[in-house]
Each structure stands twice: as C-alpha cells, then as structure tokens.
2 protein chains.
Amino acid sequence: MKKVELFDTTLRDGTQAAGISFTVADKIKIAHILDDLGIDYIEGGWPGSNPKDEEFFQKVQKVKFRNAQIVAFGSTRHKDKTADKDPNLLTLIKSKVKVACIFGKSWDLHVTHALRASLDENLEMISDSVKFLKSQKLKVIYDAEHFFDGFKNNRDYALSTLEAAVKAGADSVTLCDTNGGMLPGDIREIVKAVKEKFPDVYLGIHAHNDSDCAVANSVVAVEEGCSLVQGTINGLGERCGNANLCSIIPALQIKLGYRCLTDEKMVALTEVSRHVDEIANILPNERQPYVGRNAFAHKAGIHVSAVARHSSTYEHMNPEEIGNERRILVSELSGRSNVAFKSKELSLDLENNPQLSSKIIELVKESENKGYQYENADGSFAILTSKAMGKYKPFFTLKSFHVSVEKDKQGQMVSEATIKLDVKGEEEHTVSEGDGPVNALDNALRKALKKYYPEIKEVSLSDFKVRVINAGAGTAAKVRVLIESRDPQSSWGTIGVSENIIEASWEALVDAIEYKILKK
Amino acid sequence: MKKVELFDTTLRDGTQAAGISFTVADKIKIAHILDDLGIDYIEGGWPGSNPKDEEFFQKVQKVKFRNAQIVAFGSTRHKDKTADKDPNLLTLIKSKVKVACIFGKSWDLHVTHALRASLDENLEMISDSVKFLKSQKLKVIYDAEHFFDGFKNNRDYALSTLEAAVKAGADSVTLCDTNGGMLPGDIREIVKAVKEKFPDVYLGIHAHNDSDCAVANSVVAVEEGCSLVQGTINGLGERCGNANLCSIIPALQIKLGYRCLTDEKMVALTEVSRHVDEIANILPNERQPYVGRNAFAHKAGIHVSAVARHSSTYEHMNPEEIGNERRILVSELSGRSNVAFKSKELSLDLENNPQLSSKIIELVKESENKGYQYENADGSFAILTSKAMGKYKPFFTLKSFHVSVEKDKQGQMVSEATIKLDVKGEEEHTVSEGDGPVNALDNALRKALKKYYPEIKEVSLSDFKVRVINAGAGTAAKVRVLIESRDPQSSWGTIGVSENIIEASWEALVDAIEYKILKK
C-alpha cells in the first residue's frame with residue numbers, strides 16, 4: 001500500500017474561516033487530537049504574523065508528540081532583504097520547529113501585482129529562502145501558491161518557480177489551488193504535466209473548496225502522483241473552506257487502497273471531526289460526508305426497509321469503519337418501517353401492531369406541521385409513542401410558572417423562576433435563581449421533583465440549542481428549543497416549540513425529565 | 001456552446017433531507033422560482049408514494065410555466081403486475097404530466113435482494129414500464145438506479161438494463177450514483193464506457209454527495225458526454241445531499257463554456273439559493289461555494305490588501321456574475337487593511353489614522369475574547385468604531401428593566417416587560433406585552449423612545465438568531481444573539497452576548513436602535 005502523508009493546517013489556514021478563533025490552549029488541544037489520530041505534519045500557525053501564533057510555538061516546544069511533526073508557516077524573503085536578515089524567515093528559526101513550510105509565488109500576475117517584484121527577483125527570493133532554511137537544518141516544504149492559476153497563465157514561469165525551490169534543496173513541493181477555483185480535469189492535467197517534468201520530486205497538493213471540488217481535486221492529485229495532502233479537519237478555512245481531511249482520508253484509504261492512518265485510528269475519525277467542531281465552537285454540519293450525523297441517516301421508507309435487509313443497498317460503506325453510525329429518521333415521509341425501526345431502538349414492539357404504528361405516524365405529521373421535529377429528539381419521540389399507546393401517565397402536572405428577569409440600576413442581572421406543580425397528589429411550589437431564565441426554571445423544576453423522583457439527580461443537560469423557525473418575524477418569531485440530556489447510561493434529545501422562548505424551553509425540559517423517569 | 005439540460009429534484013429527492021418538509025404551497029412556490037431561473041425539468045414528487053405529492057400534481061396542472069416541464073417520479077412496474085395495471089405507473093398517468101422519470105434497478109444485488117426478482121424479470125419490468133409510458137405519449141427519462149455500483153459488480157448486466165430501457169423507447173437514460181460513494185476516477189471511466197457502448201443515447205447524471213464529490217462527479221460526467229444533470233438547489237437531499245446545482249451550473253457555464261442558463265438568469269443564482277433555504281426553513285450554509293455568504297469573504301489582512309489592489313489575486317471568479325458579493329471580515333486576524341476597508345463601507349475615514357485603526361483592532365480582539373463577533377454585526381461594529389473615535393454619545397441610558405413570563409393555570413402565556421430609561425434628561429418608564437420576553441422588551445423600548453427619535457418607527461427586525469456558545473454548559477450556557485434590522489434604505493446586524501438570553505437580546509436590540517439613530 002502506497003503511503004500518503006497527511007499535512008493538517010486546521011491551526012493555520014483553518015483559522016482563516018469566518019467565525020473561527022482558537023485560543024493558544026485550544027490549538028494545543030487540537031494538536032494533541034491530530035497527533036493521536038496519526039497526522040504526519042501539523043501546521044501550527046504563522047509565527048511571523050501575529051503574537052498568538054508566536055506564543056503557540058513557544059508553548060508547543062515543550063509538548064511531546066507521538067507521530068506528528070509541528071510545522072511553522074512563513075513566506076519567502078522580502079524582495080529588499082537578504083534571507084538571513086529577513087524578519088519573517090528568522091521567526092521560523094526562532095520558533096524552533098524542525099519543519100518549515102514557506103510559500104512563494106508561482107503566478108506571474110501575483111509577482112508583478114502583489115509583490116511588485118520582477119519575475120527574476122521572485123525566483124531568487126524562492127531560491128534564497130529555501131537555501132537559508134536548509135542551511136539552518138530545517139526540513140522545507142515549499143508551497144507553490146496559486147500554482148494552478150499560474151500554470152494556466154504562464155506555464156513556463158510557473159514551472160521555473162518549482163525548479164527554483166527544488167534546486168535550492170526543498171524537501172517537497174506542494175501545488176496550491178489557492179483561489180480554489182480548479183475543477184478535477186484541470187488538476188489531473190496539470191499535476192500530470194508537473195510529474196512529467198519533475199519525476200523525482202516529492203509532490204503535495206493543497207486545495208480550497210471554492211468550486212465545491214476540493215476533496216475530488218485532492219484525490220485526483222494523489223492518483224496523478226502527489227504523495228502529501230494538505231487539508232483541515234471538517235474543511236475549516238477561508239471563504240468556502242480548505243480540502244476536508246475527514247473526506248479525503250477515507251476516500252484514499254478505504255476506497256483507493258492508499259495508506260494514511262492505521263486501521264485502528266480510522267475509527268476515531270468521526271470523533272475527531274466532532275471534537276474539533278466543539279473546540280471551534282461551531283455547529284457540526286450534520287450532512288457532512290462520512291462523519292456527519294446524517295451521513296448514514298435514512299428517511300425514505302423504501303430505503304429503510306431495504307437497509308434493514310442488506311445495508312450495502314443504500315450505504316456506500318460501513319459507517320463503523322470510521323466510527324460513525326446508521327440513523328433512522330422519523331418524519332412525515334416515513335413508512336411503517338422507519339417507525340418500527342426507531343421504536344425498536346427504544347425497545348417498543350410495533351412490528352405486530354400496524355394500527356398503532358399508523359397512529360404514531362399521524363401524531364408525528366401533526367406535530368411536524370407545528371414546527372416539531374423528532375429526528376434529533378428521541379426522548380420526545382418516546383413520550384409521543386407512549387401517549388399513542390395510551391401508556392402515558394404524567395408524572396406531575398404544571399399548575400403555573402412565573403419567570404422574572406431583572407436588570408437593576410447597577411447593571412446586575414437577576415433571574416428567578418417560581419413553579420407550582422401537582423406531584424402524586426401533593427402541591428409543590430418552589431422558587432430558584434439561575435444563570436438566565438431557562439436555567440432558573442430548570443433549577444426550580446428539579447427542586448420540586450427530586451424527593452419524588454430521586455433518579456433525576458443523575459440527569460445533566462449536555463446541550464441546549466435554540467433555533468428560530470420563521471426568522472422573518474423578528475423578535476416575535478417562533479422558536480424551537482432542543483435539549484440534549486444525559487445520565488451515566490445514555491443520552492437523549494427533547495424538543496419544544498413556541499413563539500415564547502421560555503415556553504419552548506419549558507416543554508423541552510419537561511420532556512427531558514419525563515423521559516428519564518419513563519426510562520426507569 | 002453545447003447545451004446541458006438541468007433537471008431539478010429539490011421537490012422530490014431534496015425532501016428526503018433530514019429536517020426538510022415542504023407544504024404543497026412551498027412546493028409550488030419553489031417550482032416558480034426554478035422556472036424563473038430557467039431549469040428545464042422540475043421533478044415535483046412521487047405521486048404514488050404519498051398524498052402530499054399527489055395533491056401537488058393536482059394543483060400544479062393549473063399553473064403555467066415559462067421554461068420548465070414538470071416531471072413525476074415513479075418506479076418500474078411491480079414484478080407481479082402488468083404495466084397497464086400497475087398502480088404506481090397509473091398514478092403517473094393520472095398526474096397528467098408530460099414527462100415521467102422512472103427508476104429501475106441496474107445492480108444485480110438489488111434485483112435479487114431488494115426486488116426479489118430474477119435478473120431477466122427485472123429487464124422485462126424495465127422494458128414493459130417504459131413501453132407503457134411511451135404508449136401513453138409521455139416523454140420518459142429512465143433513471144438507472146445504482147448504475148455505477150452495478151457496473152462495478154456486474155458490468156454486462158448493468159449495461160443490459162440500459163439497453164432494455166433504450167430499446168423500449170426511453171428518451172434519455174440517467175446514470176445514478178444512488179449511494180453517492182463514487183470518486184471522479186470511477187465516473188470518468190464508467191461514463192466513457194457507456195458512451196462507447198451507446199454513442200447515440202442521450203445520457204444524464206444523478207450524483208449524491210456521500211464521498212464529498214457530487215459536484216466534481218457531475219462535472220466529469222458532462223465532460224465525458226452526459227447532456228442532462230440532475231441535482232438540487234443547495235444540494236438538499238438524503239444523507240449528505242444530492243449534487244448541488246448551485247455549484248454545477250457556474251462550473252459548467254462560466255468555467256467550462258457549456259450553456260445551462262441565460263447570462264441574465266445566472267446573476268439570480270445566489271438569490272435562488274437563499275430563497276429556497278428560506279422556504280425550507282434552514283440556515284444557509286455560509287461557506288457554500290459560489291453562492292454562500294462567505295464564499296467571497298476575506299479575513300486575512302494580506303489577502304484583503306491584495307484583493308483591494310486586484311480582485312483576481314484571491315478570487316476564482318467575479319462574485320457579481322452569480323449575484324454574490326465580496327465581504328471583508330473584521331477579526332483578531334485582521335490587518336489594518338481589513339479595518340480600513342470595512343470602515344470605508346461605513347463611510348469612516350481611517351486610512352489616514354493608523355493609531356485609531358490600531359485602537360479599533362484592540363477593541364475587536366478584546367470583545368472577541370468575550371464571545372462577540374463582528375463578522376455579521378456591522379451595526380455593532382459601527383458603534384464600537386464610534387466609541388473608539390470618542391464620538392459616541394449614548395442616545396439614552398438604561399436605569400433598569402424587568403421582564404416577566406408567566407404561564408397560568410389555563411396554560412396561557414403572558415410576557416411583559418417594563419423599562420426605565422433616561423432620555424435627553426427625562427425619565428421614561430414604559431411597559432409592554434409581547435409574543436415572548438424579547439418581543440415585549442423590544443416593544444417597551446420603542447414605546448419609550450419613539451417621541452424622541454421618530455425615525456426608529458421605520459426600523460423592523462428582519463431576523464433574530466440565538467446561538468449557544470459553550471453548549472456543554474446546558475441551560476447555563478453563554479448565548480450570542482444576532483439581530484438583523486432593516487429600514488427602507490438598508491439593513492444591519494447587531495450582536496449581544498451573555499449567560500442570560502434576555503440580557504444578550506437587550507444588548508443587540510439597543511445596538512440596533514442606536515445604529516439607526518447614529519446613521520441619521
């Protein structure tokens with residue numbers, strides 16, 4: 001199996017994404033995750049460009065990694081400086097890494113318009129910079145910025161920039177589609193031409209997703225002879241993102257037989273993807289290929305019954321190979337088989353009860369019209385099912401609640417909730433404060449119930465999401481609240497919908513607690 | 001220029017996506033949008049599979065379209081029925097469309113496992129079904145389900161299924177990568193083989209995005225001779241989605257010189273993408289290639305200064321060709337050029353004031369550490385800038401507010417807000433109800449201010465978003481509220497961050513109103 005080296009730039013190019021900002025501690029945490037996964041090179045940042053990246057390189061010196069080498073990013077020397085006096089190159093030395101990645105210009109337009117240098121000057125800048133870093137005993141990965149655009153515009157010049165890097169001693173040369181506009185046909189043809197011209201040079205590919213082809217382009221480049229792939233976890237990156245390593249790795253290793261990771265690490269891919277999103281503090285893309293929550297989710301009844309019989313009928317691979325799992329969605333398009341499958345997950349036997357099954361489908365459709373969705377709300381779906389079965393008995397009845405949020409003259413915020421419940425024939429009237437109105441309500445509810453249902457002490461809320469459904473209505477819009485809860489054994493989602501965010505949260509909270517009691 | 005026909009299946013395959021559910025009215029609205037854009041075929045649904053789709057076909061009969069033909073979807077006949085008695089095929093006739101798209105099996109595994117038919121029986125089912133529809137004067141598009149997997153597994157049989165459809169009179173044959181697992185190399189090789197075998201057959205491609213290559217695969221298939229492309233707006237679809245027409249159209253037309261749409265309709269593409277997301281009630285993917293809000297967004301200082309000089313240096317195409325626009329993001333990675341560019345948008349002259357510019361960058365970094373982000377909050381950024389310039393004078397001062405939400409015994413929700421403000425030396429104390437606490441607060445604030453600043457009557461809130469920042473903290477999590485406001489001239493975003501959703505909303509509301517007054 002031919003080895004492909006993985007070069008992750010989540011910590012450098014990934015941070016160019018809108019909405020992404022990592023602390024130094026975040027960056028170190030992600031570096032550990034990448035190292036564990038088996039990434040070969042971790043590009044940590046551009047120490048010459050901002051103090052945070054400089055701090056990262058200081059701190060990371062003391063960290064031991066098992067697989068990965070830390071890479072510092074920089075550019076070729078300034079046109080009016082010698083390499084050994086160039087501040088940018090000197091910060092690379094100062095960052096104490098063993099591997100440097102520097103970019104230089106391949107596109108004549110950029111040399112003249114962005115650098116305002118002559119074409120020959122640029123070749124010297126490339127050559128001098130690589131030579132200087134090599135003289136300092138660094139491994140040098142040379143990034144040929146805008147290589148594909150440059151090649152199309154002035155083929156000979158683009159190739160001569162690669163030659164300058166290679167002759168100066170660069171250990172490898174990465175062809176970059178910096179603007180991300182290439183299509184797979186361009187990549188195939190141009191990588192082939194480069195490989196013909198430089199058969200012995202170790203080539204890499206760095207793609208961006210502006211034409212929605214970054215993964216395809218990276219895979220095609222490897223097929224044509226690139227041995228190193230640059231990309232980011234979840235495709236984080238500027239504009240439309242970088243090439244997504246979470247898609248490239250399984251394509252190369254599972255589908256095309258290259259070696260990227262050990263098999264035992266391959267199953268960690270889904271977890272790595274979600275962990276990085278969590279640190280980046282962004283909502284995971286549920287339909288992300290391979291690792292997304294819906295990547296193996298089935299909604300159409302016809303698919304579900306086929307998948308139940310033979311999974312390869314509607315799945316391009318086994319989700320377990322990358323640590324993902326199959327999901328069956330319940331919705332108005334659902335056939336009986338979806339509801340049966342889902343209910344089985346909840347240990348309810350519906351297969352022998354087509355009438356009940358139809359009744360549940362009816363209830364689901366009705367609620368969906370009001371804005372509910374059960375695809376991420378197993379807990380609420382279980383309660384709906386038990387209602388349809390006539391098994392549902394409420395564990396308590398709400399008489400009233402009152403929530404108050406006050407900002408006083410000193411600017412202090414105080415949130416307080418009072419609730420009045422009937423529990424097993426007794427009236428419980430409790431009050432609690434909290435960090436915000438929903439937290440106060442949550443605290444008051446637990447206070448009222450814990451002596452009757454001590455098991456709820458085990459429940460913690462692990463996620464709380466608010467989604468405006470009809471955004472156009474401004475502050476009077478309808479909101480959907482999704483709560484994820486967990487106890488030591490499992491986790492479950494519940495949902496609430498209302499024009500009033502407090503009421504929607506209340507619904508989801510109640511379902512979360514009821515599901516826990518029901519489960520027992 | 002070679003014409004490529006566009007076949008949109010947003011209304012059929014697109015509705016298989018998790019979280020998507022269109023009403024019949026939604027479907028008609030989307031059909032109009034697609035027709036306006038210049039789509040050739042609009043697949044409206046599967047009339048045989050659910051009553052909603054049946055209703056759609058009844059209603060759509062009365063609608064006149066300018067360009068598009070409405071297509072009904074179905075399958076080949078059941079193995080134990082004759083075609084003229086097959087209920088599924090009969091609903092296609094009953095739906096009164098002029099074009100039917102039926103799928104049949106190409107993969108031997110599916111024939112034996114899912115259909116439980118013999119390989120020969122399947123060929124007859126294909127042939128009979130196509131012949132029957134042709135005898136009813138319908139145009140027939142034959143979808144070869146799982147064609148690529150079938151071809152890999154049993155090449156001869158897969159080709160014989162196409163032959164059955166062609167000989168029976170199908171007007172065109174679409175090769176489907178139903179499981180979405182193909183890579184561009186597979187597609188190129190297999191489409192080429194089909195084209196060699198059937199040089200005169202009109203071929204189509206239907207790709208799914210499970211290997212993150214749906215767009216690339218569709219483009220490659222066209223290069224190899226497919227003349228019809230099936231896909232959905234924004235790639236909506238089951239699991240990881242269908243091939244995204246919003247990416248395929250510009251690739252084919254702008255980059256490869258095929259003809260898909262008229263040039264004047266090409267500029268509507270961004271609007272169509274956002275409109276469909278709005279109807280589907282999902283948050284647009286901001287980093288979606290070509291049409292996403294961040295598709296041409298620049299954050300890195302070095303890129304911004306280059307783009308300002310020569311836009312093609314960091315953009316693969318002119319965003320205006322598809323109705324999108326360039327955005328400059330302000331963030332901690334920003335150089336001076338981002339802030340200068342952004343300020344120019346707001347008509348502030350910072351270019352000659354590097355000190356002020358540094359001060360603004362400082363303030364931005366500080367706020368970002370607390371969870372603020374100005375990338376979608378121009379209004380709040382303008383207020384921050386005016387604070388940095390020492391120009392900011394508050395238009396009013398909050399003394400206190402109190403918000404109360406009550407659910408009474410009848411289950412009625414009442415939300416009430418009181419606020420006390422100092423405005424131009426006067427104390428204003430107002431109270432208002434609303435649909436939820438934030439709406440009540442909004443109403444009370446406007447009530448207090450309108451006699452001093454009548455211009456705020458023009459302001460309406462067009463969007464309200466809530467995002468939990470540290471989701472792990474459950475109901476005590478920090479939330480970020482983003483409000484979009486508009487007046488007859490323009491729109492602006494404002495932001496608030498707090499552990500208390502009411503306080504975060506208040507901040508964003510105040511910025512929204514202050515920006516309006518400031519603007520004047």
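Into which domains is chain A divided? In this predicted model, domain 1 of chain A covers 5-261 and domain 2 covers 396-452. Their C-alpha centres lie 55 Å apart.

Now bring in chain B. A rotation of 180 degrees, with 0.0 Å of shift along its axis, superposes chain A on chain B. The RMSD is 0.1 Å. That is the relation of a two-fold axis. Look for A:S404 in the model. Of the residues of chain A, A:S404 comes closest to the rotation axis, with its C-alpha at 2.2 Å.

Next, go inside. In soluble globular proteins, nonpolar side chains tend to be buried together. The largest nonpolar core here has 198 residues. Which residues have the most contacts inside it? They are A:F147 and B:F147. Leaving out residues up to four places away in sequence, B:F147 touches B:S106, B:A158, B:L159, B:L162, B:L175, B:C176, B:I190 and B:V194.

Finish with one helix. Helix α4 of chain B spans residues 108-115. Its residues B:D108, B:L109, B:H110 and B:V111 are buried. What do the buried residues of α4(B) pack against? Their partners in chain B are the strands β4 (99-105) and β5 (139-145), together with the helices α5 (119-135), α6 (147-153) and α7 (155-167). Just after α4(B) comes B:R116, which takes a positive phi of about 55 degrees.

Note on methods: Residues numbered from 1 in each chain as written. Chains lettered and ligands numbered in written order. Predicted model: local features only at pLDDT ≥ 70, side-chain atom pairs only at ≥ 80, totals over all residues. Heavy atoms only, no water. Buried < 20%, exposed > 50% of the residue type's maximum accessible area, 1.4 Å probe, protein only. Helix = DSSP H or I, 4+ residues; strand = E, 2+ residues; numbered from the N terminus. Contact = heavy atoms within 4.5 Å. Domains from an automatic or database assignment. Core = buried A, V, L, I, M, F, W, Y, C linked by side-chain atoms within 4.5 Å. Least-squares fit on C-alpha atoms with pLDDT ≥ 70 in both.
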